[in-house]
Amino acid sequence: MDIRAATELLPEVRWTHGDDLCDCTFQRIGEWTNPYLGRTLRVRFCCIWKELYKQYPEFVQEIPAYWDDNESAFIPTPMDWDSEDAEMPKHLWHRQVAIREGKALEQVRQELRGKTPPQPVARGTGRESKGE
Ligand SMILES: [Zn+2]
């Protein structure tokens, strides 16, 4: 295959974690690339797994809560963003709002387009500062 034919096969969009290109709650992208082979393999595991889950529902638990190690309990309410260093990633923000408001992810993406995600909290107020 000549290089021109190869570049025609190159994807226009690079799949990355948090690209928000699918509706999976937990996006998982695998990527392997090797310069000596001149090949890259990218896999949207999250989307493949979603199809597998339909075939094996007895092996899947979807729990409407997160596990809190400190409390040793499931907590059903999504936690407010509390990073002291970074704003909330948009893909995470979209999913949190969709879950909190019971809306479709695509609707939330449209409603939040152009808006600013939750910002870093003041030093000393984030979870990292509260210690254990
Ligand atoms: Zn996916």
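This is a predicted model: local features need pLDDT of at least 70, side-chain atom pairs count only at pLDDT 80 or more; totals for chains, interfaces and linings use all residues.

Helix H3 covers residues 90–101 and helix H4 covers residues 105–112; their axes come within 9 Å and cross at roughly 115 degrees.

Which residues of H3 and H4 meet? From H3, they are Trp93, His94, Arg95, Val97 and Ala98. From H4, they are Leu105, Val108, Arg109 and Leu112.

H3 contains 12 residues, and from its first C-alpha to its last it reaches 16 Å, close to the 16 Å expected at 1.5 Å a residue. Within H3, Trp93, His94, Arg95 and Ala98 are buried, and H4 is included in what covers the buried residues of this helix. After H3 comes Gly102, with a positive phi near 65 degrees.

Finally, I come to the domains. The domain assignment of the protein chain gives domain 1, at 1–61, and domain 2, at 63–126. The C-alpha centres of domain 1 and domain 2 are 25 Å apart. How many residues does each domain bring to the contact? Domain 1 supplies 6 residues and domain 2 supplies 7 residues. On the side of domain 1 that touches domain 2, the residues divide into 4 polar and 2 charged, with no nonpolar ones.

Thank you for your attention.

Key
Residues are numbered from 1 along each chain as its sequence is written. Axes are lines fitted to C-alpha atoms, for helices over the stretch in contact, and angles run from 0 to 180 degrees between N-to-C directions. Helices (H or I, at least four residues) and strands (E, at least two) are DSSP runs, numbered from the N terminus. Two residues are in contact if their C-beta atoms, placed from the backbone, lie within 7 Å. Domain bounds come from an automatic or database domain assignment. Ala, Val, Leu, Ile, Met, Phe, Trp, Tyr, Cys and Pro count as nonpolar, Asp, Glu, Lys and Arg as charged, and the others, Gly among them, as polar. The expected span of a helix is 1.5 Å times one less than its number of residues. A residue is buried if 20 or more other C-beta atoms lie within 10 Å of its own, exposed if 12 or fewer, and partly exposed in between; C-beta atoms are placed from the backbone.
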